[in-house]
Amino acid sequence: MRAEDLLTRAPSAETVARETQKLPEPSDEARESLRQVLEASARPAVTTPWPALLTEARGKMDSRYAGPVTSHRGGVTGPALVLAKRAFRLVFQPFINEALRKQVEFNESILDALATIHDVQREHARTQATWRQDVERRLARIEEAARGERGTTPAGDAAPPRSSEPRASVSDIDTPTPSGGAKRRRRSGRR
């Protein structure tokens with residue numbers, strides 16, 4: 001299902017508002033249940049260790065320092081080349097540090113942003129799972145109440161099966177922005 005399938009012009013917002021006015025007032029138990037769900041979803045994020053997929057990148061974040069100096073050459077040239085490389089690093093390390101300073105800052109900011117995105121996605125997934133469970137419980141109660149109002153159904157009249165279409169994911173639905181507009185995710189790589 002795509003977001004375009006969910007957005008419609010009919011019924012109008014006024015019609016929906018008018019119909020919601022006809023709904024009965026929720027019980028105190030339902031209000032308390034909804035309040036608890038909202039409080040659970042609004043709790044502050046817990047600080048967690050770096051995600052496993054970013055741990056290796058975090059170890060390579062500082063590009064100013066290379067690994068130990070080695071040489072594959074044997075004989076006298078190998079140790080002499082290793083000694084020359086070590087001397088070069090010792091003398092020029094301050095210049096290397098300055099030349100790569102901005103790269104290291106960029107690497108740190110990118111990794112911090114990726115870790116933040118990972119944490120936010122995990123929190124959204126947890127919240128969505130909680131809300132989905134709550135909606136499914138409410139749907140089950142509504143279906144039970146509807147079956148109770150209809151009474152018993154004839155033997156051949158079974159309840160209609162649930163739709164086998166995949167559910168809309170969070171990324172398929174427009175998400176509100178602080179400015180009140182809607183933010184749409186692009187499906188193509190073009191901007």
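## Where D134 sits

D134 belongs to helix α5, which covers residues 77-150; helices here are DSSP runs of H or I with at least four residues, strands are runs of E with at least two, and both are numbered from the N terminus. This is a predicted model, where local features need pLDDT of at least 70, side-chain atom pairs count only at pLDDT 80 or more, and totals for chains, interfaces and linings use all residues. Residues are numbered from 1 along each chain as its sequence is written, and side-chain values use heavy atoms, with hydrogens and water left out.

So is D134 buried or exposed? D134 is buried, at 7% relative accessible area (buried is under 20%, exposed over 50%, partly exposed in between, with a 1.4 Å probe and protein chains only). Skip the neighbours within four places in sequence, and D134 still touches S33 and V37 (contact means heavy atoms within 4.5 Å).

## A look along α5

Helix α5 has 74 residues, yet its end C-alpha atoms are only 93 Å apart, while a straight helix would reach 110 Å (the expected span is 1.5 Å times one less than the number of residues). There's also a kink of about 65 degrees at F92, shortly before the proline P94; the bend is the angle between axes fitted to the seven residues ending there and the seven starting there.

## The whole chain

Overall, the chain has five helices and two strands, running α-α-α-α-α-β-β from the N terminus. Of its 191 residues, 9% count as buried. Among contacts with a separation of 6 or more, 69% link residues 24 or more positions apart.
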